[in-house]
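Notebook open, structure loaded. I'm jotting down what I look up as I go.

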Amino acid sequence: MIIAQISDTHIALDTPDADRRIQDFAQTIADINALQPHPDVIIHTGDIVHNGRQDEYAQAVSIMAKARAPVYVMVGNKDDRANLREAFSPCGYLGANSGFIDYAIDDYPVRLIVLDTLNPGSNKGDFCRERINRFIDLIDAGSSKPIAVFTHHPPFEVSVGPDPFHFETPDIMSELRRALQHSDRVVAIFSGHVHRAASGHVERIPATVMPCIATTLRKGDYPVGMKIRPIYHLHRFDPAWGFVTETRIVGTRPSAA
Ligand SMILES: [Fe+2]
């Protein structure tokens with residue numbers, strides 16, 4: 001099983017770099033489409049658009065419509081739940097409007113659980129008691145398959161950058177970390193938000209952050225030739241070995257797997 005993770009496309013229509021962000025997103029989808037073997041699924045880990053606007057989501061939907069693999073989305077701090085739900089509800093996986101946008105995908109050897117860490121109006125994440133209970137229910141509702149969890153805000157300290165913690169309080173992050181350890185079946189956590197690559201862990205569970213797709217917003221130093229090349233992650237799952245993550249640079253020759 002191969003998961004292509006993309007994140008933080010921040011589609012905007014009226015910023016000086018708006019065209020670049022659209023191009024970065026479109027080129028990433030084209031790059032994923034050209035991979036052999038094809039990824040089974042694409043997960044966008046949030047901040048799909050920059051201002052939560054309907055017209056921004058329409059642009060994002062039109063780019064994602066070109067993907068060959070099924071695409072699943074989730075909310076980041078820049079997203080708007082209602083507008084995201086309206087834009088992506090025709091895809092059929094978001095379920096009933098319950099407020100939070102969290103769900104499980106059961107079509108693969110690994111169960112995929114997507115969480116909602118949005119705190120509207122804040123860049124930092126939240127994970128209230130209701131969301132904890134919903135997450136535990138999603139875990140318990142599953143079979144014996146291993147589980148990969150996707151969060152926009154990373155549930156571990158990312159010690160590069162100005163602020164290592166991405167939740168409103170340390171207690172909120174601790175509660176999420178506790179919930180992630182509810183079952184031994186949780187084998188990986190994949191996040192975005194930080195705009196640079198990082199890896200950490202939640203006790204025994206490996207956790208990674210991928211860089212943002214929007215190259216103008218990417219943090220960290222890159223050689224000149226890479227400045228307009230988006231970066232995404234491919235997570236390959238093997239039942240014996242678990243997940244192995246490859247960093248893909250858009251526009252380079254797809255590697256044989
Ligand atoms: Fe974010």
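Which residues are the protein donors of the iron ion? I looked, keeping in mind that this is a predicted model. I found Asp 47 through OD, Asn 77 through OD1, His 152 through NE2 and His 193 through ND1, lying 2.1 to 2.2 Å from the iron ion.

Next I checked the geometry. The angles subtended by the four donor atoms run from 89 to 167°, so I'm logging the arrangement as irregular. A tetrahedral call would need all angles between 85 and 135 degrees.

I also noted the donor spacing in sequence, D-x29-N-x74-H-x40-H. Asp 47 sits in the loop between β2 and α2, and Asn 77 in the loop between β3 and α3, so this pair, 30 residues apart, links distant parts of the chain. Both Asp 47 and Asn 77 come out buried.

Then I moved on to Gln 59, which I placed in helix α2. Is Gln 59 exposed, or only partly exposed? I have it as partly exposed, because its relative accessibility is 24%. Its contacts, leaving out residues up to four places away in sequence, include Ile 11, Leu 13 and Ile 22. Leu 13 is 46 residues from Gln 59 in sequence, with the C-alphas 8.7 Å apart.

Last stop, strand β9, residues 205–209. Four of its five residues are buried. β7 runs parallel to β9, joined by three bridges, and I picked out Ser 191 with its partner Val 209. β8 pairs with β9 in the antiparallel sense over five bridges, with Gly 200 partnering Ala 207. The β8–β9 hairpin has two residues between the strands, and I noted a positive phi near 55° at Glu 203.

Terms used. Residues are numbered from 1 along each chain as its sequence is written. This is a predicted model: local features need pLDDT of at least 70, side-chain atom pairs count only at pLDDT 80 or more; totals for chains, interfaces and linings use all residues. Side-chain values use heavy atoms; hydrogens and water are left out. Donors are N, O and S atoms within 2.8 Å of the metal (3.2 Å for Na, K and Ca); water is not among the atoms, so sites may look incomplete. Four donors count as tetrahedral if all angles lie between 85 and 135 degrees; four count as square planar and six as octahedral if opposite donors are over 155 degrees apart and all others between 65 and 115; anything else is irregular. Buried means under 20% relative accessible area, exposed over 50%, partly exposed in between (1.4 Å probe, protein chains only). Contact means heavy atoms within 4.5 Å. Two strands pair if DSSP finds at least two bridges between them.
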